[in-house]
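Thanks, everyone. I'll take one chain today and walk through how it is put together. Let me bring it up.

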Amino acid sequence: MEENTLHLHEKVKKILYSLTGITLSENKDIMIANRLHKLKRDTKFNGDLDALLQDISKGEFTSEFINSFTTNKTHFFREDFHFLDLKNRVLPTFKSKEIKMYCSASSTGEEPYSMAMTVFEAQEENSCKINASIIATDIDTNVLQYAANGVYRFSKSSKEFPEWIKPQKYFKRRVNKTLASEEILIKIKPELQKLVSFQVMNLNDPEYPFKSEQFDVVFCRNVLIYFSSEDQNAILKKLFKHLKMGGTLYLGHSENPHDLINYVERVGQNIFIKTKEI
Ligand SMILES: C[S@@+](CC[C@H](N)C(=O)[O-])C[C@H]1O[C@@H](n2cnc3c(N)ncnc32)[C@H](O)[C@@H]1O
């Protein structure tokens, strides 16, 4: 790789780390090059990439930069055993009660809406009302806007929904016809949307805007993988403060609780109950 490209990529990594805490691994050069060029097109920046990065380090185009370098892969009911655990173990203990849940890297919204659908299923199975609210945050303002809109492409071949969920209960179907193709769009129904509020938040911030022990349930899945081990540990400790004693923490399949291990009980695959305050 040319000296100048190397220098640009190092600069991207430095800025990205300082703004988000995301650590890009060594083999990400093609990804960095593609995203930098797209960022230049999207911002309609006239100068070269070096000048663009200089402006970004001075505070210009910050959201555009962050939004370009986040990875937002998600889908409804990803790692569906977590939602089954929420439905079968956690939610029945909140019959006629209030439950506050937090989704800490909600991306385009499929994860918090899956949590909301799970609440509706639990209410039906237990013939009860559960007063649930879900705060969903992400650092990427584009995905938050998409999530709040609540419109998704539906593919008949997709296996996103487990057999215990009937998507037609939770979505309105829309057909988007163009001359070339026809796609099915699904829109989250308002009763589900009402449960979720989306906010921008950086997990790398020194403190989070929540009360201590605010949440009964915290989802922190498939986001820690973008941070160094030390930063993962720091994020988990901050999140833990906002989880109630006896509350449940769900982590992604390749993530681990680091120093929290002595303060939790493992009750399933990356499912932890808070047993002690740190
Ligand atoms: C791969 S998605 C995971 C989405 C979802 N949790 C799931 O498991 O399907 C990772 C998300 O983390 C968000 N993210 C990355 N760094 C972040 C930070 N510092 N603060 C908050 N969110 C962040 C990204 O914008 C992205 O939407």
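One definition before we start: two strands count as paired here if DSSP finds at least two bridges between them. With that in hand, look at β8 and β10. Strand β8, residues 243–251, is joined to β10 by three bridges, and the two run antiparallel. Keep in mind that this is a predicted model.

Stay with β10 for a moment, residues 271–274. Is it covered on one face or both? Both. Ile 271 and Ile 273 are buried on one side, Phe 272 and Lys 274 on the other. Ile 273 has Thr 248 standing opposite. Ile 271 is the bridge partner of Gly 268.

Now zoom out to the whole sheet. Seven strands, open, mixed pairing. The order is β6-β2-β1-β7-β8-β10-β9. Averaged over neighbouring strands, and with direction ignored, the turn is 20°. Which strands stand at the edges? They are β6, residues 196–200, and β9, residues 264–268. Each has a single partner strand, so one side of each is left without a neighbour in the sheet.

Further in, β1 and β7 pair in the parallel sense, over three bridges. There, Tyr 102 stands opposite Val 218 of β7.

Next, the helices on this sheet. α6 lies across β1, β2, β6 and β7. Its direction runs at about 160° to β1. Helix α7, residues 141–149, packs on the sheet too, touching β2 and β6. The angle between α7 and β6 is about 165°.

On to the cores. In soluble globular proteins, nonpolar side chains tend to be buried together. Here, the largest nonpolar core has 36 residues. Among those with the most contacts inside it are Phe 76, Leu 86, Met 101 and Phe 171. Which elements give two or more residues to it? The helices are α5 (81–90) and α6 (110–125). The strands are β1 (98–103), β2 (131–138), β5 (182–188) and β7 (215–220). The largest share, six residues, comes from α6.

Take Met 101 as a way in. Setting aside neighbours within four places in sequence, Met 101 is in contact with residues including Leu 86, Met 115, Val 119, Ile 134, Phe 215 and Val 217. There is also a second, separate core, with 23 residues. Tyr 208, Leu 239, Phe 240 and Leu 251 are included in that one.

Last topic: domains. The assignment gives domain 1 as 3–69 and domain 2 as 81–149 + 191–274. Their centres, taken over C-alpha atoms, are separated by 30 Å. How many residues are in contact across the two domains? Nine from domain 1, with 10 from domain 2. Between them, the domains bury about 750 Å², with 42% of that on carbon and sulfur atoms.

Beyond four places in sequence, Glu 64 is in contact with Leu 39 and Thr 43. From Glu 64 to Gln 199 is 135 residues along the chain, and 17 Å between C-alpha atoms.

That's the tour. I'll take questions.

Note on methods: Residues numbered from 1 in each chain as written. Predicted model: local features only at pLDDT ≥ 70, side-chain atom pairs only at ≥ 80, totals over all residues. Heavy atoms only, no water. Core = buried A, V, L, I, M, F, W, Y, C linked by side-chain atoms within 4.5 Å. Buried < 20%, exposed > 50% of the residue type's maximum accessible area, 1.4 Å probe, protein only. Helix = DSSP H or I, 4+ residues; strand = E, 2+ residues; numbered from the N terminus. Contact = heavy atoms within 4.5 Å. Axes fitted to C-alpha atoms, helices over the stretch in contact; angles between N-to-C directions. Domains from an automatic or database assignment. Buried area = accessible area lost by both parts, 1.4 Å probe.
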